[in-house]
Amino acid sequence: MLVCDNPPAVTVVLDPGDDLVHTRAALAAHAPGDGRLTVHPTPGTDSVLTLAYDVLASLGKPVPVAGYRQFDTAPAWTLAAAWILATRTSHLMLLRAHFLTPHRLRAVLHLRQRTGLKVTLVCHTRHVPAPMRRVLAAVSHHMAEAAALLPAADPPSPAPPAPAPRRTLANRWLSLPALTTLCAFDAATRPCQCTAPMAADRDFFAPVLPALTEAEVARRLHRATAHPRLAAELATAVFTAASVTQLATAHVRDLAPDASTLTLHDDGLRQGCMTHHVPAWARPLLLAAAFTWRLASGTGGALFTDPLGSTNLPCLTDFAESCKLRPPQPPRPKRRKGARARAKPPETIWPFSPAHYALSWAMREPDLMNGCPHPPPHTRRTIEAHKRGWPPPHFGQRPHHPPF
């Protein structure tokens with residue numbers, strides 16, 4: 001189990017006047033990108049689960065979290081701890097702390113012990129409530145005045161706020177060539193603990209995302225789910241062009257401690273075992289999946305599975321579609337003049353591409369692309385040929401020879 005041996009002391013801030021300027025200063029300090037969270041607990045409830053959801057919501061995750069028993073609090077707190085560790089969050093400020101019941105306060109202190117958070121409890125009272133004082137007697141803490149710790153924030157400007165930067169790819173479907181090779185027929189390979197070479201040394205290069213598309217994919221995956229394993233698995237498929245079979249071979253031990261590299265194994269069916277460089281945008285997602293395992297069981301398992309036992313979660317392709325991510329689709333047929341427009345958009349086609357298979361008979365059919373374009377070249381020779389304007393004809397298709 002992952003535990004911080006010496007977490008920082010708890011800071012208790014007294015705000016007897018319940019001044020608006022102090023609350024405004026606390027809310028202005030909320031900056032998840034800089035490792036600071038300000039949580040305003042949901043009023044009118046003393047539920048431990050609701051408080052965990054408040055922490056997850058402050059991290060930008062959708063709540064409530066599906067897949068677990070309705071009143072089980074442990075998964076939500078474990079996921080919150082995993083995301084806090086993965087995003088390097090260091091400070092947690094909790095408003096209205098004088099309303100915390102002992103069991104809710106203990107849950108916050110347990111989160112602090114698991115993550116090493118610096119916790120600040122803001123009590124809008126003259127004295128610390130007796131139940132809180134009894135719970136804090138067992139932990140290191142100190143007192144502070146709101147006037148010193150929460151100075152008045154700048155008053156709101158009468159001018160209208162500056163508009164948020166426009167996201168040109170917002171609400172659009174993103175066609176990612178790397179997802180063309182996601183679906184596969186073959187089963188998972190045997191467990192492997194090899195030291196695999198880098199993908200570039202095996203002459204394998206996954207499609208590179210433009211910077212604008214990369215930022216939009218990262219934003220969608222961070223906000224789409226509170227389950228790290230779903231976001232991490234889809235992110236890995238995007239930067240490795242791996243199939244679901246290859247993704248299933250990744251274990252916690254295959255991820256570098258700083259998530260800079262990830263090894264995917266292969267029993268010789270495709271390109272062999274390879275170690276992939278993890279781009280910066282995907283590292284928090286993979287770290288969150290690894291931290292979930294370390295927090296829940298303390299042992300390394302399959303990286304893209306849930307040690308908390310979630311059920312009824314969407315499959316990877318359904319999750320990708322919910323994020324509006326998909327492989328390039330077949331060209332739309334031209335609509336005849338005067339014909340009615342389609343009532344609903346066509347369903348997403350997930351092809352079965354043989355492009356990365358090393359054996360010509362690995363797939364049942366020679367081409368199951370269903371009209372989708374083949375993935376881009378993935379070796380130095382084919383990439384250079386593609387740049388010169390003469391890619392190999394019918395790239396990705398292999399002659400179909402059944403095994404003897």
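1. A word on naming before anything else: strands are DSSP runs of E at least two residues long, numbered from the N terminus. Please also keep in mind that this is a predicted model. With that naming, Cys123 belongs to strand β4.

2. Is Cys123 buried or exposed? Its relative accessible area is 0%, so Cys123 counts as buried. Leaving out neighbours within four places in sequence, Cys123 is in contact with Val12, Val13, Leu14, Asp15, Ala97, His98, Pro129 and Met132.

3. Strand β1 (residues 10-14) runs parallel to β4 (residues 118-123), and the two pair over 4 bridges. Within this pairing, Val12 has Leu121 of β4 as its bridge partner.

4. Now for the whole sheet. Which order do the strands take? The sheet is open and has 5 strands, ordered β2-β3-β4-β1-β5 with parallel pairing. At the edges sit β2 (36-39) and β5 (141-145), each pairing on one side only. From one strand to the next, the twist averages 20°.

5. Helix α4 (residues 102-115) is worth a look here, as it packs on the sheet and touches β1, β3 (91-94) and β4. The direction of α4 makes about 155° with that of β4.

6. Helix α1 (residues 20-28) has His22, Thr23, Ala25 and Ala26 as its buried residues. These lie on the same side of α1, because they cover an arc of only 160° around the axis. What do they pack against? The partners of the buried residues of α1 are β2, β3 and α6 (146-149). On the face of α1 turned away from the buried side, you will find Leu20 and Ala28, both exposed.

7. Last, the empty space. Rolling a probe the size of a water molecule over the atoms shows where such space is left. How many cavities of 30 Å³ or more does a search of the whole structure find? The search finds 4. The largest cavity holds about 90 Å³ of space. Its lining is made up of 15 residues, and those nearest its centre are Phe204, Ala242, Gln246, Met274 and His276.

Notes
Residues numbered from 1 in each chain as written. Predicted model: local features only at pLDDT ≥ 70, side-chain atom pairs only at ≥ 80, totals over all residues. Heavy atoms only, no water. Pairing = 2+ DSSP bridges. Axes fitted to C-alpha atoms, helices over the stretch in contact; angles between N-to-C directions. Contact = heavy atoms within 4.5 Å. Buried < 20%, exposed > 50% of the residue type's maximum accessible area, 1.4 Å probe, protein only. Arc of directions from axis to C-beta. 1 Å grid on protein atoms, 1.4 Å probe; cavity = no way out; pocket = protein on both sides within 12 Å on 5 of 7 lines; lining within 4 Å. Points joined across faces, edges and corners; volume = space filled by probe spheres on them.
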